[in-house]
Amino acid sequence: MGEDLLRRRREGPRVYHWAAVRLPAVAEFDYQGEVPYRMRWAPARRGISKPDEIAYYLAYAPLHVTVQELVRVAGARWAVEECFQAAKNECGLDQYEVRRYTGWYRHITLAMLAHAFLAATAHQARERGRNR
């Protein structure tokens, strides 16, 4: 997985074609009384360089959410994956044996705190380098 993420970074930004279709409302979930307050979407992403590879999503969002916002959130997936991979590599996020919830919770909390500290420290160092 780590090599795949590095390959993606070297290839540059990910550019896709997007399409979305609104799905029919479900009375039990999408309405409050007679008024709809949520909607369901099925966005699809197609790679420009590999048009036969299509990824589908199922989105459940408030009425005011636009297709552009759905695309932005779905596109954030790669940044989240890279963040988790970095936390695994640098802070041992995946180095625990689950025996009890309390121990797991403490380990995850400390690993994520360490990762946040390292990310903030790296950001500050980059900012200092730019300001010189």
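A salt bridge here is a side-chain nitrogen of Lys or Arg within 4 Å of a carboxyl oxygen of Asp or Glu. The model is predicted, so local features need pLDDT of at least 70 and side-chain atom pairs count only at pLDDT 80 or more, while totals for chains, interfaces and linings use all residues. Residues are numbered from 1 along each chain as its sequence is written, and side-chain values use heavy atoms, with hydrogens and water left out.

Four salt bridges are found in a search of the whole structure. One of them joins Glu 69 to Arg 72, with an N to O distance of 2.7 Å. Both residues belong to helix H3, residues 67-75, and sit three residues apart, about one turn of the helix. Helices are DSSP runs of H or I with at least four residues, numbered from the N terminus. Glu 69 is partly exposed at 32% relative accessibility, and Arg 72 is exposed at 51% (buried is under 20% relative accessible area, exposed over 50%, partly exposed in between, with a 1.4 Å probe and protein chains only).

A further salt bridge links Glu 97 and Arg 99 at 2.9 Å, N to O; both of these residues are exposed.

In helix H5, Glu 127 and Arg 130 are three residues apart, which means a separation of about one helical turn. Their closest N and O atoms are 2.7 Å apart, forming a salt bridge. Glu 127 is partly exposed at 27%, and Arg 130 is exposed at 58%.

His 115 also lies in helix H5, residues 101-131. His 115 counts as buried because its relative accessible area is 13%. Neighbours within four places in sequence aside, His 115 is in contact (heavy atoms within 4.5 Å) with Cys 83, Ala 86, Ala 87 and Cys 91.

Methods
Helices (H or I, at least four residues) and strands (E, at least two) are DSSP runs, numbered from the N terminus.
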